[in-house]
Structure formats: structure tokens, C-alpha cells
Amino acid sequence: MPSVGGSPSMGTGSGAADSALPEEMQPPRPPGQHAVTVLWSFGKFLATLLPVYLAGYFGFSISLVLFGLMVYIGWKHSRNEKVMRLRSAMFVLENERAYTTARAFMSKQELPPWVNFPDVEKVEWMNQILQQAWPFVGLYLEKLLVETITPAIRASNTHLQSLSFTTVNLGEKAMKVVGVKAHTEHDKRQVLLDLYISYAGDVEINVEIKKYFCKAGVKGIQLHGKLRVILEPLIGDVPLVGAITMFFIRRPKLDINWTGLTNMLDIPGLNAMSDTMIMDAIASYLVLPNRLTIPLVADLHVAQLRSPLPRGVVRIHLLEAEELTAKDTVIKGIIDGKSDPYAVLRVGTQTFTSHTVDSNLNPQWREMFEVIVHEVPGQELEVEVFDKLSPWLCLPNSLPGCVLPPWLCLYDQSVMPNQDDFLGRVKMDLDVVHKARVLDEWLKLKDVTSGSVHLRLEWLSLLSSADRLSEVIQRNRNMTCKTGDPPSAAILSVYLDRAQDLPRKKGNKDPSPMVQLSVQNTTKESRICYLTSDPVWEDAFTFYIQDPRKQGLDIHVKDDDRARSLGSLSIPLTRLLASPDLSMDQWFQLDNSGRIYINAVLRVLHLNEDASLTSSVSPHLPSPGAGHGDGDTTSEVALGGVGGAPKPEPTRPQQTTPDSDFASEGVLRIHLAEASNLIAKDNFIGGMVKGKSDPYVKIRVAGVTFRSHTIKENLNPFWNELYEIILTQLPGQEIQFELFDKDLDQDDFLGRFKLNLQDIISPQFTDEWYTLNDVKSGQLHLVMEWLPTVSESARLNQILQYQAQQQYQNKAVPSAAVLFVYLERAHGLPLKKNGKEPKVGAEISLRAMTYKTKVCECSTSPRWDEAFHFLVRDPTEELLIVKLSHSWGQAMGTVVLPLREVLSEQGLVLDRWLSLDGALPESQILLRATLKMLNTQLAVCPSGVSSDTTGECSEERGHVIHRRDTEPNLRHRSPLSQLGGQSPGQVKLQIGYSTEENRLFITVLSCRGLPACGSAKDSSDPYVSFILLPDKNRTTKRKTITKKRDLNPEFNERFDFDFTLEECMQRRLDLTVKNNVSFMSRERELIGKLQLDLDQIDLQNGDTQWYDLVEETN
């Protein structure tokens, strides 16, 4: 039982708890406790009336009382909203599964990322680890605050010497990772992760300054955002990762529940300012372009990780909007009015605001902004449109005794930005602009009933050469501008590293230096390094440059009071233009005393005007996302400037607009001829009696698998089968061949090998025997041809004659051409039987091959924008059939296109609208059909050209190899036979220089044709060792791993060296291929050598090729 003399707060809390129960279930209260509750309520009532009494007693205006009452009500309302938001967030995190199920058919914005995006994965195991370790994180935080931060705060100011943390408790609610997305399509030397973090915690931290009886603290925090974590560089040693870099791509959402004196921060006006200040502090460390980098190994270039060069610059033309919502209504909405729209654009921490167009639902801004893009994909452009409200209305001063102060009537948008009416928003991932280069689109505004905005977006690439600078400057000058400077021609990235030997202050005291960097009218400041003459800033800055031929960088090193100069420096940008790679990384002497180390990089902004303009008539939203921050570069483009064209009318295009790489594929033709000396797997009597094998071949390329038929009981099978596949030329593509022995249960392995597709594309024709790997013996004979496509119908008859002469066991007929089909859209399709719009899909067929498009939702004018390709045997006889249907059921029309019609078109390209059979008279589809002949070398020899005894077809100006060797002495011929009988083989190297990383890289890819040196007499254990001469200390010596029992080993190992380009030109590569032998072995160790001067190689463009090994000579 509580005592009678309990505190009022205890009595109130108990009463509140009891009041939550039904009246008949409440326990009887002691008389004393009830009296205390009544007295406490009466005291609060008197305290409420006290300001009114004092205002009347001293003769103050009643407006002050009203103002105080407004502030209190606003504070109370803001306080209650924060508490409710915190409780709701805690409930959602604790009941995520039930909440997600309940919201599954509602707005996607309310669902966690792993529901909205299929490539975002849940990581419950990580959350369990965080929950288990959370109490220990709290112990570490308490130790950090008490033992490190508290002494530092006390030493910083004499008034804070009595400060102490009375409570440090992280609570029981741990931070959660609600989703993880891994990006694997970019640099293979890094691991890039996006962590969707959500924290709604019951943290409680209280601080007290006993000298002034002040208490303040935090009780509850919400933090939600997407944290990008980059693990780079990946290294071949523990801990496998050189550094961890983390940052928020855009500002996270933060909500803090204050206690004590900091409750004042919940007053309306102050709460927005305080949250903004706290977010600015977080953004200065963890929001792009700022990054937190934690090195894990020594001797790492942390500066390059912390402040990398931007990926590019996006020039945003905010042109116009239409059909915006009217917000300035009259008589409570009975009479529609207008709006005063303005737009806010955000990319990361860069924010721009357009001018306001008064009383217009179809405003035209014609403004231009430039934003620096650091991460794609990831960074997003967010455009929000608002209706500018009029200033607050003051209470009428005509009332007796009602005199409001003037500052009470003012409305400041920076303090209360959310008062303007919302007119819609649109978000776009800048990776869309990166791929399209130029994007001119009307985008539909979301979260409103109507409205769209017209944007023109241009991706400006960063050039490390000044060759196009004059062209860029002239183009920018031709842009018509109302106000402001012309667009930027370049960007200047400055990395401020450190300074040394700065002058001391009077009394031989150390200064607290900071740096001011200026380009024309733009000045930026570094952070302050306190009490040191050798400061280390490690800050990065970026400036927009209009004309680097006339501008310069001014650097002033000052004390923290900004009055005393410690040194200055001016660098004309013409020095950078004359420097290699437009960069300077060196020490600079200050004019006073001391020196400063700066890395300055200039990059020219180039717009690829050859890029096809991507636009759409109908507004659409490319991708979700958000962005926050601030920026500083803007100018206004006149009506006749870039992108100033009005919105196009929705007219039907007369031709298709496929991608630039449409119809660029080629065909790989594989002739599986025969094999020899395969291993016998079908043995008898436990292997005492050798048998045969039943071999077949599997060929895998670009995700497609071909399988030959099985040859019964033959170690030297002859297949004579043909396979063809359409491929896009991509780096790193491989063809894998595997041989198996067909058995009743599990097929036995007979060998494998891989070929790089580029090794076939370069010569276009190969006829070779290939040695099988991972087995003791076996070779496979292949004839492979890469067939580029040409638009020449004159060669069709010659190709068809060649087809008629070929016969293959798998009944394959060589293709004569490739048909490329681009199906863009349809128009005027009929409605469904019930009168509703159909969901239309298309089937495209040629012979037995059929493709299906996506199904377009509910439209009589669907748009697919999909491309397909077919192998064509005889274009004079085959038909292309396109069938349209509703959800693959009800037929909507058919087009039958004989390919001979394409043959009669100029350039073998048919691009137009085609009428549909079995539909309405106006029903049509728009497609492009491009026919290209296969340029086979086997069909180029005209009749009458002599052939030699080997079956080769030759002419005076060239020859085509086509071997069908069946004699025993020719069965194992290969291109390596050119090297002589004692050839030690070849090695394939990739050698180049990365100007971005200032590194030489040497990649040992593979070897082939190595001689057998091992004890088994049919194999070796090769590895590659090399050194870059001259090297007295042998610091550049490297070696690969050893490949066991392999005469055609693949290493694929890369080695990097921190050399300048000039140093690389003075080096010589001394490479040896060795056989790994034991110390006492008599086997031969050296296989072959290679010596190569690096100045003979184009290092900047890279070089990949086979090099002949030579035997060592005295």
C-alpha cells in the first residue's frame, strides 16, 4: 500500500493506472491518496490561471497571454505526436509479419523494402545477432560517454565543468535491418550492399549540469534510412577487405523525443529547426557526398575511398507543368481558384527551389539546375511541387487591447516549410538518365489527383582531356539565358589533405588553422584543426567551372577567427589544363610560410549529342526513392533555350525507335566433328579387361545447352553435328565442352575444356583439336565459325548453294540469315466481348520458334518495346507470324509477313504499320523487321578456284582454312605446330595501366600447349612467376598458384603495382612458366620464358594477347 505522504507524481500515476480499469474493478483508494490527487489537480489549475492574473496585474497586453497559450498548445500537440509515432514504430517492428500481412493489399509505401522490391532480402539472422549484442553495445556507449566524451566536454568550457551523464540506457529495442540488397553488376573488386535500417528504440540518455541545476536528455529515437556499405578493395590476404565505406545515399528520417530542458525543442518552429540542425550534423559525416571510411589494412589510399571522383553531372531543365490542382479555393472550395506553384528539386544533399508562378495551373519555369551524381544506381531525383501560401493573417488590431507584435504576423518558409499546400511529387533513379544520356519526358505527379511536370535531363560525362573544352564552352554560350551564368563547362574536384610548418601565433602558440577555397564568387571552408601547425584536414570540395581558361583557385589558410592569415596560394586552372590527365597531386608552397598538399582534378563536362533522345508522350514514374539536401548552382533558361519545346501532341509515330544496339548480334556456328583416344569407362572384371565407352558431348554457351547423340562403344567417335546460336558480343563469355560416357545409372566423366568466345570472334574461323582437361587422355575436333551479319542480299544464292552441299548427322541445316524483329506498339485494337479494354500480348513465330511479349494492362493501344531474333534457313520461303490475343485467350488479330517482302526493302529493313487480319479495319501494329545475311567464309570461294590437297580454299588475296584431316599424322595438328616440335607453349596476358587508380595491372589469364614434364609423362604442374626489371630488391616478384596435372591451365590472377605511367615505360617483364617439382626431384622445372619491354605495349588502352614462350638458353 502506498503511504499517505506519497508524492503527487506517484499519486497521479497510480490514479491514471486505476482509471484504466472498469469502475467496479478499481480497488478502494485510501483517503489520503485521494486528497493528494485533488490538491495536485487544483494546483495545476491555479498555475494555468497565474499568467492571466499577472498579465492583468502588471497591465500587459492580452496578446502575450494568447501567444504563450498558442506556444504551449503547439508544444503539447507536437510532444504527443512524437510519442505516438515512436510507439507506432515500435509496434510495427515488433509485429512486422502480422503488419505486412494486414497491409499486403494496401499502399506499397507502408510495406518493408523486401516486400516492395524482389531483390531485397530479409536478414532475420542479422537482427537476432543485433538483439543479442545490443546490451553490450549499450555498455560500450556508456563507457564512451563517461570516460571519453565527458572529460572532453568539461575541458572545452569552464561553465560545463559540472556536466555529467546521469543515465545511459539503450533500452531493449535493438536496431533492425529490414532488408539487404546486393549490387553485383558493377566493379568485381568490391562488394556493394544497401542496408535498409529501422530503429525505433526506447533509448534513455540524461545529462545534468549541477552548477546551474539543468537537466536534459533523450527518451526515445526513431531513425529510418538506406545505408550503403562498400567493402573495397578486395585483397588476397586476411581480412580480405581493405576498408569499409558507409554512407546514407539520402538523408534518413529522424525523430527524437526530448526530456528536461530540451523539451523546449518541441515548440512549433523550434522543432523543425532543431531536427534540421541535427540532420545537418549527421549529413556532414554520413550523407553523400560525405562518407565514413574505416581502413582495415595499412598502407591504403584512404583519400581515394573517402572522396572519389563523381560519376557524372546531371543537367536538369525544369520546363513546365500542367493540370495542377487548384488549392486557392473560395468559399471553402465551392468556387475553384488557382495555385501559386513552385518546385523543389532534391538530389542527395543538393536542393534547388524554382521561382513562384502566381495564379497559374499550367506554369512555365524554364529553369536549369546542375547536380553532381556520386552513386548510380542509388541516387534519385525528387521533384515536389507546392502552392505558395500568403503570409499568415494577423488578428484584427481594431479589437480593444489587441495589439499583436509585428514578428507574430510574419511567415518564414524556412522555419515552417510544411505550411505550403502539396501539389504532387515525382521520383526518378538517375541511373535511368545515365543509360539514356538525354531524357525529355512528361512525368505524372504522384499522391495527387492530377498534374504532370515536364523535365529535360542530360547526363554530362567527365572527360579527362581538354580536347573538347572549346566545343563545350561554345555550346554553352549558345544557350539562351534570362539570368545567371551560362552552364558549367567543367567541374573542379579539390582534395585538401594537409599542411606543414604553418606560422605560430604570438607567444609561440600553435594556431587553429582552417582553409577557405574560392573559385570566382563561390567560397567553401574546411573544418578547423585545433592547436597545431601541421594540420590534417582530409576534406573534399567540388566547384562548377564556366571557363577554366579564365578562372583560378584561390586558397587562404587562416586561423579559426578568420582574421589572421597563415598563408595563401593561387592556382590558375590553366596549369591543370596543361597537366597530364588534368590533375595535380603535389605539395604547394604558401606565400607566407609553410606548405600545403592538395590533389586538384579538373574534368570537362561533355554531353553526348549523338545519344538518341529518350522521350515519352504519356507521363510515367520510373522508380521509387527519395532525396534530401542542399545545393548551390542554378540559372534560368529562356523560352528558346534547350528543351524549351512545348508538350508534343500524342500523334502516332511512323517508324519504330529501337535501341542503338538493335540487330547487332552475330551467330556462332559449332561443327562437332569427332574425338580420339578417349578413356575407356565400361571395364569388365573389376577393370582387368578393358572395354569401351559410349561418349556424348554437352556444349554450354550463354545459358544454352546442346547435347550430341551417343556413339555406342567407341573411343574414337565421329559425330558430324552442327549447332548454331545467336550471341551478343560481351567480354568474358566462354564456351564449355564436356564429354560423358552414357551409362544406365550415372554417366561417367570423360573430360572437359573451355574456350573464350573472343578467341573465336577474332579469327572468325578455327579448325582445331583440343586436349581434354581433368583426364589422362582424349582430344576433341571442332570446327567453329563466328558469322557476322551483313545487309547484302546479293550473297543469298551463294549461301543457299553452300547449304545444299552440307549434310550432318543431326539433320541440321545451316542458317542463311538472321531476322531481327522489334515490336513497338499496336493501335485501334477491338474491345473485349464485355466491352472492356483488353490485356494484350503478342506471339511472334517463325517455323517452330515462338516468343511471347509481356501483357499490357487494359489498353486498345498497347506498347511493348521488345526485340526478338530468329535463325532463317531460306528467306525466300519462310513466314513471320504475329498473333495478338487477350491474356493468351481471345484472338485480337494476326499479321503474316513473308520474308521475301523484307528482301525487297531497301537495306533489308521493313519498318512501318501493318494491318491486322481478323480485327477492326483500323487495327494495326508497328514493327521493324531487319534481315541480315550470315557472312560465312566457307561460302565465299567461287567455282573454279583451285583447292589444294588438304582441302583448303585459297585465293591470291587471302585464304580460308577448312581442314578435314583424317590421316593419323594429321589428327593432332593445332596452331601450336607453328612453333616447332620442341615448342614450350604460349601464355596469355592482359597488361594495362589504370589512370583512375594510378596502377599498372598484369593479369595472367592462361597457358596452352605446355609440354609434359611431370613423372606421369603426360602432364605437368605449371605455375607462372614474373618480375619487373630493374628490381634490385625483388619487390615486384609475383607468382600464381599451381595447377595440378594441366597442360592448358587457366589462372585468371591479377597483380597490381603502384607505378606512374613513366615508371612503367622503363620496366621490362621477365616471365617464366615452371613445373612445380619437389626439392629432390630430377624432373625438369623450367618450361619456358618470356621477356617483354612494357614501352612496346599500349598500356593506357590495355593489351590482351597470346605470347610465345621460348626455352632458356645460355
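1. This is a predicted model. Start with helix 13: Asn797, Gln801 and Ala804 are exposed, and they sit on the face turned away from the helix's buried side.

2. The buried side of helix 13 (residues 796-804) is made up of Leu796, Ile799, Tyr802 and Gln803. Viewed down the helix axis, these residues fall within an arc of 125°, so they line one face. Their cover includes strand 29 (666-676), helix 14 (899-903) and strand 47 (924-934).

3. Helix 10 (residues 469-477) has its own buried set: Leu469, Val472, Ile473 and Asn476. They span an arc of only 95° around the axis, which puts them on the same side of the helix. The spacing fits a general rule. An α-helix has 3.6 residues a turn, so residues three or four places apart point the same way. The buried residues of helix 10 pack against strand 8 (312-322), helix 11 (573-578) and strand 26 (595-607).

4. Now the cores. The largest nonpolar core has 37 residues. Leu819, Leu884, Ile925, Leu931 and Met933 touch the most other members. A second, separate core holds 35 residues, including Leu469, Leu492, Leu576 and Ile598.

5. Take Ile925 on its own. Leaving aside neighbours within four places in sequence, its contacts include Leu823, Ala826, Val882, Leu884, Val895, Trp913, Leu914 and Leu916. Arg825 and Arg912 are also in contact with Ile925.

Notes:
Residues numbered from 1 in each chain as written. Predicted model: local features only at pLDDT ≥ 70, side-chain atom pairs only at ≥ 80, totals over all residues. Heavy atoms only, no water. Buried < 20%, exposed > 50% of the residue type's maximum accessible area, 1.4 Å probe, protein only. Helix = DSSP H or I, 4+ residues; strand = E, 2+ residues; numbered from the N terminus. Arc of directions from axis to C-beta. Contact = heavy atoms within 4.5 Å. Core = buried A, V, L, I, M, F, W, Y, C linked by side-chain atoms within 4.5 Å.
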